[in-house]
Amino acid sequence: MKTPAFPAFTVLLLSFSMLVPHAAGATASIPTEGESWDHSTITIQIMPASGQYWFNPSFTTDVSKAVQRWTESIIVFTDSYGFRYLRQLRYTIYVTGFNQTLNPDISISFVQSDPSFVGVTKFVYPTADNYFQTVTTQLATFDSSNTRQLTDVDMENVAMHEFGHALGLDHAVSPVTSDNFLELMFKDYGQAIGGPNNFVQEPSTLDLYALATIYSWLPGNAPATGLPRTLSLTLPPGIPYSVSVPYSAQITSYKATVDQLNLRVLVLAILVIVLFACAVALAIRSSRRKPPTLPTPQYPTQPSIEPGPVNTLAELHRSSDIRLCISLSPMSAIAW
Ligand SMILES: [Zn+2]
């Protein structure tokens with residue numbers, strides 16, 4: 001075990017939410033703590049506060065996910081910008097109650113709340129060789145007023161931030177990246193604790209570049225001394241100041257976008273079908289409609305051709321007589 005040359009604790013804490021303005025991150029710089037681990041496989045002991053009413057058992061999983069998230073962001077960063085030796089960093093996680101390691105590099109425990117921090121990381125600084133010995137992290141489960149409990153997303157964010165300290169990062173200067181995302185390593189937590197819509201934050205390219213600088217000894221043997229403290233580490237040309245989103249999160253985001261697009265296409269298709277059906281129905285109805293009633297033509301009045309009343313037999317006879325008289329009349333006239 002190394003003996004600390006300067007037995008003074010350095011405390012790096014993440015304070016409570018201060019809603020920061022989303023201005024472009026003009027100052028992309030971050031100091032380093034001046035220490036790194038001298039081995040690439042780092043052991044982590046998580047100590048859940050099991051049985052405490054203020055402790056959510058899922059917080060243990062959140063811390064594990066936070067560590068994994070760093071690994072995934074490193075993969076994305078090194079795919080784009082090199083420094084692939086960073087992938088040699090490995091983490092072995094132990095959870096008290098399930099498994100145990102005697103001398104973990106990083107010990108993570110929980111407290112109910114603290115008036116001054118939501119997460120705090122302590123280590124001896126600096127040692128003679130600028131290598132970490134042991135690091136302890138405490139994570140609060142409630143805000144400073146002990147009224148709002150952290151969500152799983154909050155816990156994952158805070159654990160990611162503190163793990164950045166445990167790897168050797170100090171606080172980034174800018175609260176936001178150039179692509180307008182919250183800087184994970186900024187000194188204040190940029191979201192309201194307990195917010196139902198809080199989102200998982202990602203390490204920035206600045207954080208990962210600083211990590212690549214701290215662990216530049218990884219390609220070969222560890223140097224005699226670790227990296228001295230760097231007060232202002234900035235990104236080199238060619239690396240934009242942005243977040244490094246893990247591929248799994250990118251796929252989830254793309255899938256959500258595609259699903260939303262599919263939903264819009266489906267709604268549009270349904271709308272087109274409904275409109276088409278309405279048009280067809282209107283066309284059918286129009287084809288079956290009766291022609292308009294034309295006015296009845298007015299014809300000239302014709303004489304009635306209806307037969308007259310039927311005569312009685314006597315009348316018929318009289319009529320014959322009359323007819324006979326008429327027929328004989330000329331002759332009579334002649335005879336007369
Ligand atoms: Zn911090």
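## Salt bridges, zinc site and core

Student: Glu 202: buried or exposed?
Tutor: Glu 202 is buried, at 8% relative accessible area. Buried means under 20%, exposed over 50%, and partly exposed in between (1.4 Å probe, protein chains only). Keep in mind that this is a predicted model: local features need pLDDT of at least 70, side-chain atom pairs count only at pLDDT 80 or more, and totals for chains, interfaces and linings use all residues. Numbering runs from 1 along each chain as its sequence is written, and side-chain values use heavy atoms, with hydrogens and water left out.

Student: What forms a salt bridge with Glu 202?
Tutor: Arg 69 does, with the closest N and O atoms 2.5 Å apart. The term requires a side-chain nitrogen of Lys or Arg within 4 Å of a carboxyl oxygen of Asp or Glu.

Student: How many salt bridges in total?
Tutor: The count comes to eight.

Student: Which residue does Asp 170 meet in a salt bridge?
Tutor: Arg 229, at 2.9 Å from N to O. That pair also links distant parts of the chain. Asp 170 is in the loop between α2 and α3, Arg 229 in the loop between α3 and β8, 59 residues apart. Asp 170 is buried at 10%. Arg 229 is partly exposed at 37%.

Student: Which residues are joined into one network?
Tutor: Lys 65, Arg 69, Glu 156 and Glu 202, through salt bridges that share partners. So the Arg 69 and Glu 202 pair, which ties α1 to the loop between α2 and α3, is part of that network.

Student: What is the salt-bridge partner of Asp 79?
Tutor: Arg 87, with the closest N and O atoms 2.4 Å apart. Asp 79 is partly exposed at 39%. Arg 87 is partly exposed too, at 24%.

Student: New topic. What coordinates the zinc ion?
Tutor: Three histidines, each through NE2: His 161, His 165 and His 171, at 2.0 to 2.1 Å. Donors are N, O and S atoms within 2.8 Å of the metal (3.2 Å for Na, K and Ca); water is not among the atoms, so sites may look incomplete.

Student: What spacing do the donors follow?
Tutor: H-x3-H-x5-H along the chain. His 161 and His 165 both sit in helix α2, residues 152-167. They are four residues apart, about one turn of the helix. Both are buried.

Student: Now the largest nonpolar core. How many residues?
Tutor: It has 63 residues. Such a core is a set of buried Ala, Val, Leu, Ile, Met, Phe, Trp, Tyr and Cys residues joined through side-chain atoms within 4.5 Å. The members with the most contacts inside it are Trp 70, Tyr 91, Ile 106, Phe 110, Phe 163 and Tyr 215.

Student: Which elements supply at least two residues of this core?
Tutor: β3 (41-47), α1 (58-81), β4 (90-95), β5 (106-111), β6, β7, α2 and α3 (205-214).

Student: What does Phe 110 touch?
Tutor: Its neighbours include Ile 46, Met 47, Trp 54, Phe 55, Phe 59, Val 63, Leu 139 and Met 155. Residues up to four places away in sequence are not counted. Contact means heavy atoms within 4.5 Å.

Student: How many residues of α3 are buried?
Tutor: Ten of its ten. Among them are Thr 205, Asp 207, Tyr 209 and Ile 214.

Student: What do they pack against?
Tutor: β2 (29-30), α1, α2 and β8 (233-234).
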